[in-house]
Amino acid sequence: MTNATTSAVGTPMDSGFFGHPKGLSTLFFTEMWERMSYYGMRALLVLFMTASVQQEGLAFTVATATAIYGLYTGSVYFLGLPGGWIADRLLGGQRTVFWGGVVIMCGHIVLAIPNDSTFFIGLILVASGTGLLKPNISALVGQLYSEEDVRRDGGYALYYMGINIGSVLGYTICGYFGENIGWHWGFGAAAVGMAVGLVQYRRTIGNLGGASLEPEIPMTPAGARKAWTGIWAVVAAVAVVTGLALSGTITINAVALAQYTAIAFTLIFFAYYGFIYFMGDLNDAEKKKLWALFLVCIASACFWSGFEQAGSSLNLFGRDYTDRLIGSFELPASWFQNVNPMFIVILSPFFAALWINLGKRMISPSYGMKCAIGLIIMASGFIVMFFAAQYAAQGLKVAPYWLITTYFLHTVGELCLSPVALSAVSKLSPKRFAGQMMGVFVLTYSIGNIISGLLAGNFDPNNVSELPNLYLQISLFSIGIGIIIALISLRAKRWEHSEEVTPVAVATDTP
C-alpha cells in the first residue's frame with residue numbers, strides 16, 4: 001500500500017520542490033537559464049546577420065542569413081542524437097549536461113567578442129553544447145521518478161514551464177541588449193545566463209542523487225578509448241574545415257549546404273525508418289502502428305518548416321514592416337517572439353482539459369488527425385500574414401496585432417501537434433525500438449528547421465511585393481498536406497489500435 005508521503009517502494013517521497021523531488025528544482029533552473037541563453041541568442045541571429053555594416057551587422061543577404069539560421073537550428077536537434085549516445089555509453093547524463101553547458105557558455109562568449117570572423121565558431125560551439133545538454137537534461141527529469149510514481153507527468157509539466165520562463169527571459173533581455181545597445185552585448189547576456197545556470201547546477205547537483213550518474217550501458221575501457229578517438233577526430237575535422245573557410249581557402253555556399261543537408265537528413269530519416277519497418281522483425285500490428293506514426297512524422301516536419309519562420313521571415317517582418325512605437329519607446333523586433341511562450345503558459349491547461357473531456361465523451365481523434373489539425377491551424381497564421389504583407393507592400397507599417405494573431409494561431413497549432421506527436425512516438429513505436437524511434441522522430445525537427453530557413457530565403461526586402469505570395473504559398477502547401485493527412489488518418493485510427501492476434505486452439509474430435 002502507498003500513501004501521500006511514501007513512494008511505491010516504501011521509502012519517504014522526496015517532495016522538496018512543489019511536491020516533486022528536489023532534483024527537479026536543479027533541472028528546472030538549469031534548463032530555464034539554458035533556454036534563456038539559447039532563445040535569446042537565436043532571436044538575434046537573423047537580425048544580426050542581415051544588419052548593415054553601419055549597424056555593426058554582417059550584411060548577409062536574407063537568403064544566406066536564413067539558410068545559416070536553418071542549418072544552425074536543424075543541427076541543434078540533429079546533434080542531440082550523438083549527445084544522447086555519449087551520455088548513455090561514455091559520461092552519464094549528469095556529466096554530459098554539465099559539459100554541454102560549458103560548451104554552450106564558451107560559444108556565447110565567442111559570439112560576444114566583436115570579431116565577425118569568429119561568429120561561426122560560436123555557432124558551432126552553441127549547437128554542439130546544446131546537443132549534449134538538451135536531450136539528457138530532459139531524460140534526467142524522468143529518472144527522478146520511479147515507474148509507479150504518479151507525479152511524473154506533473155513533473156514534466158512543471159519542467160516545461162521552466163523552458164517557457166527561460167525563453168521569455170531570453171527574448172526580453174538578450175533582445176533588448178542586442179537591438180538597443182549592441183549585438184555582441186546581447187550575445188554576452190546569453191553567456192551570463194548560461195553561466196548562472198551552470199553555477200546553480202553545480203551547487204545543487206547533489207539533489208539528483210544517483211540519477212544517470214554513470215552511463216546506462218558503459219563501454220569497455222578499450223571501446224571507450226576508440227570512441228573518444230573517433231569523437232576527437234570529428235572535432236578536429238570540423239575545426240580544420242572551419243579554419244579553411246574562415247581563411248578563404250575554401251568557399252561554402254550556405255544556401256547550397258542547407259539544401260544538401262535537408263536532403264541528407266531526409267534520406268537518413270527514410271533509410272532508418274525503412275530499416276526498422278522491413279528489418280526489425282515486426283508483426284503486422286507493429287507495422288500498422290508505424291504507418292500511423294509515419295503520418296505524424298510528416299506532419300511534424302511540415303509544421304516546423306512553417307512554425308520556425310518566427311525567428312527568420314516573421315522576425316524580419318517585425319523589424320522592417322511593423323509599427324513598434326509605443327509612445328517614444330520602440331519595441332525591439334525580437335520581443336514579438338515572447339508571444340509564443342506566453343500563450344503556451346496561458347493555453348496549456350485548457351488544451352490538457354480539452355483532450356481529457358473529449359476522452360470522457362468517447363471522442364478521441366487519432367494522433368494523425370490531431371497533428372493534421374495542428375498543422376492546418378498553424379498554416380492559417382500565414383493567411384493572416386498574407387493580408388498583413390499586402391499592407392506592407394503598399395509601403396505601410398502594419399499594426400502589431402497582425403504578428404500577435406499569427407503567433408497565437410501558431411501556438412494553438414503547436415499545442416495540438418507537439419505534445420501529441422511525442423506521445424504518439426512513445427505509444428506507437430515498437431517497444432524494443434522506442435529509443436531509436438524517438439531519435440528518428442527528432443530528425444523531423446531538423447528537416448523542418450532547415451526547410452524553414454530555405455523558405456525564408458525567399459523574403460526579399462527589396463521586393464516586398466512578393467511577400468504576400470510567399471506567405472500564401474506556405475499556407476496553402478501546409479493546409480494541403482494537413483488535409484491529406486487528415487483524410488488518411490480516418491483509416492489510421494484503426495492502425496493505432498491494431499493488436500497482434502494470437503491463434504486460439506479449438507477443440508475437435510480429431511485425435
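1. Of the 511 residues of the protein, 51% count as buried. The model is a predicted one, and this share should be read accordingly. The accessible surface amounts to about 23,500 Å², and carbon and sulfur atoms account for 67% of that surface.

2. The secondary structure consists of 16 helices and 2 strands. The radius of gyration is 24 Å, close to the 24 Å that the globule rule gives for 511 residues, so the protein is as compact as a globular protein of that length. The C-alpha trace spans about 90 × 50 × 50 Å along its principal axes.

3. Among contacts joining residues at least 6 apart in sequence, 81% are between residues at least 24 apart.

4. The structure contains 36 aromatic pairs. One of them joins phenylalanine 48 and tryptophan 183, whose ring centres are 6.0 Å apart with 55° between the planes, a tilted arrangement. Phenylalanine 48 belongs to helix α1 (residues 22-50) and tryptophan 183 to helix α7 (residues 183-203), so this pair ties together parts that are 135 residues apart in sequence. Both partners count as buried, because a relative accessible area under 20% is the criterion: phenylalanine 48 has 0%, and tryptophan 183 has 11%.

5. A further pair is formed by phenylalanine 343 and phenylalanine 408. The ring centres are 5.1 Å apart and the planes stand at 75°, so the pair is edge-to-face; the cut-off for this class is an angle over 60 degrees. Phenylalanine 343 is in helix α12 (residues 339-360) and phenylalanine 408 in helix α14 (residues 401-428), so the pair ties together parts that are 65 residues apart in sequence. Phenylalanine 408 has a relative accessible area of 32% and is therefore partly exposed.

6. Which residues do ring pairs link into a cluster? The cluster comprises Phe269, Phe270, Tyr273, Tyr277, Phe278, Trp291 and Phe294.

7. Arginine 202 lies over the face of phenylalanine 98, and the distance to the ring centre is 4.8 Å.

How values were computed: Residues are numbered from 1 along each chain as its sequence is written. This is a predicted model: local features need pLDDT of at least 70, side-chain atom pairs count only at pLDDT 80 or more; totals for chains, interfaces and linings use all residues. Side-chain values use heavy atoms; hydrogens and water are left out. Rings of Phe, Tyr and Trp (its six-membered ring) pair if their centres lie within 6.5 Å; planes under 30 degrees apart count as stacked, over 60 as edge-to-face and the rest as tilted. Helices (H or I, at least four residues) and strands (E, at least two) are DSSP runs, numbered from the N terminus. Buried means under 20% relative accessible area, exposed over 50%, partly exposed in between (1.4 Å probe, protein chains only). A charge sits over a ring if NZ of Lys or CZ of Arg is within 6 Å of the ring centre and within 35 degrees of the ring normal. The radius of gyration is taken over C-alpha atoms; the globule rule is 2.2 Å times the number of residues to the power 0.38. Contact means heavy atoms within 4.5 Å. Accessible areas come from the Shrake-Rupley method with a 1.4 Å probe; for residues, only the protein chains shown count as cover.
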